[in-house]
Amino acid sequence: MESGGKLAVSIEKSARETLCIVIKDSGCGIDSKRIPHLGEPFYTTKERGIGLGLTICNKIINEHKGFFHVSSKKNDGTSITITLPMKTSELYVVEA
Ligand SMILES: Nc1ncnc2c1ncn2[C@@H]1O[C@H](COP(=O)(O)OP(=O)(O)OP(=O)(O)O)[C@@H](O)[C@H]1O
Ligand SMILES: [Mg+2]
């Protein structure tokens, strides 16, 4: 959101053993034909973008056995929903 806006993050327990994290912005939105390319390495529309942000997010989410879904309309903001399993037995345990 280059000229500011509203960013909302919420968490909801949707289905049984499933957690959804919803990140919603009031930015520029994404054209529907570009949505399938999100997460492809080096896909960017930014002058100084690398196109690795969503690729890295996708890898982290997949390693937690989840997935993300993008809902967006050009000039109307974007909402990204990350769905993660809550069953701890299915997750990696990282010891600090
Ligand atoms: N919330 C969003 N609103 C509008 N466009 C988005 C949003 N998130 C991602 N995009 C689009 O998806 C493209 C890819 O995003 P991604 O985060 O992977 O790379 P980047 O931001 O361009 O570069 P990097 O994150 O590597 O610095 C962006 O260039 C932008 O066009
Ligand atoms: Mg990025």
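Predicted model: local features only at pLDDT ≥ 70, side-chain atom pairs only at ≥ 80, totals over all residues.
Residues are numbered from 1 along each chain as its sequence is written, and chains are lettered from A and ligands numbered from 1 in the order in which they are written. Local features need pLDDT of at least 70, side-chain atom pairs count only at pLDDT 80 or more, and totals for chains, interfaces and linings use all residues, while side-chain values use heavy atoms, with hydrogens and water left out.

Me: In what order do the elements of the chain run from the N terminus on?
Reply: The chain has one helix and four strands. Helices (H or I, at least four residues) and strands (E, at least two) are DSSP runs, numbered from the N terminus. The order is β-β-α-β-β.

Me: What percentage of the residues of the chain count as buried?
Reply: The C-alpha atoms fill a box of roughly 40 × 25 × 25 Å along the principal axes. Buried means under 20% relative accessible area, exposed over 50%, and partly exposed in between (1.4 Å probe, protein chains only). Of the 96 residues, the buried share is 25%.

Me: Which residues come nearest to ligand 1?
Reply: A residue is near a molecule or strand if one of its heavy atoms lies within 4 Å of it. There are 17 residues around ligand 1. Those that come nearest are Thr-44, Thr-45, Lys-46, Leu-52 and Leu-54.

Me: How far is a polar side-chain atom of Thr-44 from an oxygen atom of ligand 1?
Reply: A polar contact is a pair of N or O atoms within 3.5 Å; within protein, one must be able to donate a hydrogen and the other to accept it, and residues adjacent in sequence count only if both atoms are side-chain atoms. Backbone atoms also approach ligand 1: a polar one of Leu-52 is 2.7 Å from a ligand oxygen, and a polar one of Leu-54 is 2.8 Å from a ligand oxygen. For the side chain of Thr-44, the distance is 2.5 Å.

Me: How much of ligand 1 does the protein bury?
Reply: An oxygen atom of ligand 1 lies 2.8 Å from a polar backbone atom of Leu-54. Taken alone, ligand 1 exposes 590 Å². Such areas come from the Shrake-Rupley method with a 1.4 Å probe; for residues, only the protein chains shown count as cover. The protein buries 79%.

Me: How many residues of the shell around ligand 1 are charged?
Reply: Ala, Val, Leu, Ile, Met, Phe, Trp, Tyr, Cys and Pro count as nonpolar, Asp, Glu, Lys and Arg as charged, and the others, Gly among them, as polar. The shell holds seven nonpolar and seven polar residues. The charged ones number three.

Me: What is phi of Lys-65 near?
Reply: Most residues other than glycine have a negative phi. Lys-65 lies in the loop between α1 (53-63) and β3 (67-72). Lys-65 is partly exposed because its relative accessibility is 47%. Its phi is positive, near 60°.

Me: How far apart in space are Gly-27 and Asn-75, C-alpha to C-alpha?
Reply: Asn-75 sits in the loop between β3 and β4 (78-85) and has a positive phi near 65°. Gly-27 belongs to the loop between β2 and α1. The two are 48 residues apart in sequence. In space, C-alpha to C-alpha, they are 7.0 Å apart.

Me: Is Asn-75 buried or exposed?
Reply: Asn-75 has a loop position between β3 and β4. Its relative accessibility is 65%, so Asn-75 counts as exposed.

Me: Which residue's side chain does the side chain of Thr-78 contact?
Reply: Thr-78 belongs to strand β4. It is buried because its relative accessibility is 7%. Its side chain makes a polar contact of 2.9 Å with that of Ser-72.

Me: Which residue's side chain is joined to that of Lys-59 by a polar contact?
Reply: Lys-59 is in helix α1. At 52% relative accessibility, Lys-59 counts as exposed. Its C-alpha is 9.1 Å from that of Gly-39, 20 residues apart in sequence. The polar contact, at 2.6 Å, is with Glu-63.

Me: How far apart in space are Ile-35 and Ser-71, C-alpha to C-alpha?
Reply: Ile-35 lies in the loop between β2 (18-25) and α1. At 21% relative accessibility, Ile-35 counts as partly exposed. Ile-35 and Ser-71 are 36 residues apart in sequence. Their separation in space, C-alpha to C-alpha, is 8.4 Å.
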